[in-house]
Amino acid sequence: MTVWVLGDQLATEHGPVAERPDEPVLLIEAHSFAERLPYHPHKLVLVFSAMRHFRDVLRERGREVRYYRTETFGDGLNAYFEAYPDDEVTLMRPAGGGIDRVRALVGDAGGRLEVVANDLFCCSRESFDEWTAGKDSDGYRHEHFYRYMRRETGYLMEDGDPVGGEWNYDEDNRETPPDDWTPPTAPAFDLDEITRDVDSWVANRFDGSYDEAPYGGSWADPEPFRWPVTRQQALEALADFCEHRLAEFGPYQDAMRRESWAMSHSLLSTSLNLGLVHPREVIERAIDTYERGEAPLNSVEGVVRQVLGWREFVRHVYRRERDELGTANQLNATELLPTFFWTGETDMACLADVIDGVRRRGYSHHIERLMILSNFATTFGIDPQALNRWFHAAYVDAFHWVTTPNVVGMGTFASDVLSTKPYAASSNYVDRMSDYCGDCPYYKTKTTGENACPFNALYWDFLGRNEDRLRSNHRMGLVYSHWDDKDDQERDAIRDRAASIRQQARTGDL
Ligand code: SF4
């Protein structure tokens, strides 16, 4: 028997690698897999460097590791079962499903496969499926799941009730920092020999170019790679977050500052999604920081909500609804992704800054993803599946089970399977939560006319275009009452301005 480890299952302390210490370990780097999309080079460096470090850590511990560098997983499995024809490999279920394809590949290679539970999450398939059983069919609701998980795990619970008396402290988590706030330093990890080798190999093999018609280009010159590639580094990143940023994470979690790409966010998503650190470790370290009086409850509850709640929720919703989410487009959005999603070349200060950060680091934080990028795409009418492919290619922490529910479900409301309303907003929101609008050539207070902020006309036009679908939504009643206040002349001007913005975006003049 051999333990087969996928590139997002790099856990030394959990799963069959830990439970079967005498069995060899198999890893396969499948290079053509990395050419399916124009991935950001940092994403490729992250995965391949972390795999090679994982191999070396196990070998240093005396473990036999069989490591294959091939074009496809099929090639790797063929080579493996040719060398070890009588072997059976044990694999944790892939996080996002797709085990049938894996079984077929192993079968085609003449091998045998044992599939075991994925131990890198807090909520098992059985537990999630039990939670959904008997629910009425109004979709999956995160708040209900989150409370279920709090009760199941006992995290931030006291005598059956939530610590502090509330399940949710979001009301305290919508502040913006004062002008003289100094952003905490984001950790960066030096490139060792393995990462340097991978970095130059990725630069030679994958040029980061993209060819989504009708555009072309590349990810240009990113900053030096900075993300944790070992468990040791991931634990350092966790400690750094809890010591230096967790206390302010809560209040500023929705804020955006031009001079701080990281704000007080944890920056742990890459480590969690590769398996370098377990979500229970993150949750328990954050709760411990709260119990020692070093971080407020609203910050720590925010972490628990994200890691125990939302992250586990989207993983299971994707597992169950991947076919629906993979094609959903309930608002019939068909616009192509504008070129500036790849180049960053737009006069819109908010979008330009966020996309520039993605080009540099393969990362932007949650609220920039939701309220700048996805908000623009939603109100502009961009094809949600095209936007999903862009997120999947651009972000270092993106895997299908991560981006698809977040982009197609929450971000663009292309499916109502896990969201009850679209996250659409005008410049009011961006101006309230960021410092972008002050330096923008567009006027945040104007909706129509020359140099009016594109978000304003797009927002109202979005409501108008989707009135049949959205007006009956009780959570949209207030915004439609404002739409009702507009006369025909104003609505026509909004439609004209939105059409002109789309045309400018198509020609690269926005
Ligand atoms: Fe973005 Fe509009 Fe503000 Fe400019 S004015 S930064 S485009 S929201």
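User: What makes residue pairs across the interface of domain 1 and domain 2 count as being in polar contact, and how many are there?

Analyst: The rule wants a pair of N or O atoms within 3.5 Å, where, within protein, one must be able to donate a hydrogen and the other to accept it, and residues adjacent in sequence count only if both atoms are side-chain atoms. Three residue pairs between domain 1 and domain 2 pass, both partners at pLDDT 80 or more. This is a predicted model, where local features need pLDDT of at least 70 and side-chain atom pairs 80 or more, while totals for chains, interfaces and linings use all residues. Numbering runs from 1 along each chain as its sequence is written, and side-chain values use heavy atoms, with hydrogens and water left out.

User: How much area do domain 1 and domain 2 bury between them?

Analyst: About 1500 Å², with 64% of it on carbon and sulfur atoms. That's the accessible area (1.4 Å probe) the two lose on being put together, summed over both.

User: Which residues are around the ligand?

Analyst: Among them are Met348, Ala349, Cys350, Ser427 and Lys444, each with a heavy atom within 4 Å of the ligand. The shell has ten nonpolar, one polar and one charged residues. Cys350 goes in the nonpolar class because Cys is listed there, and Lys444 in the charged one.
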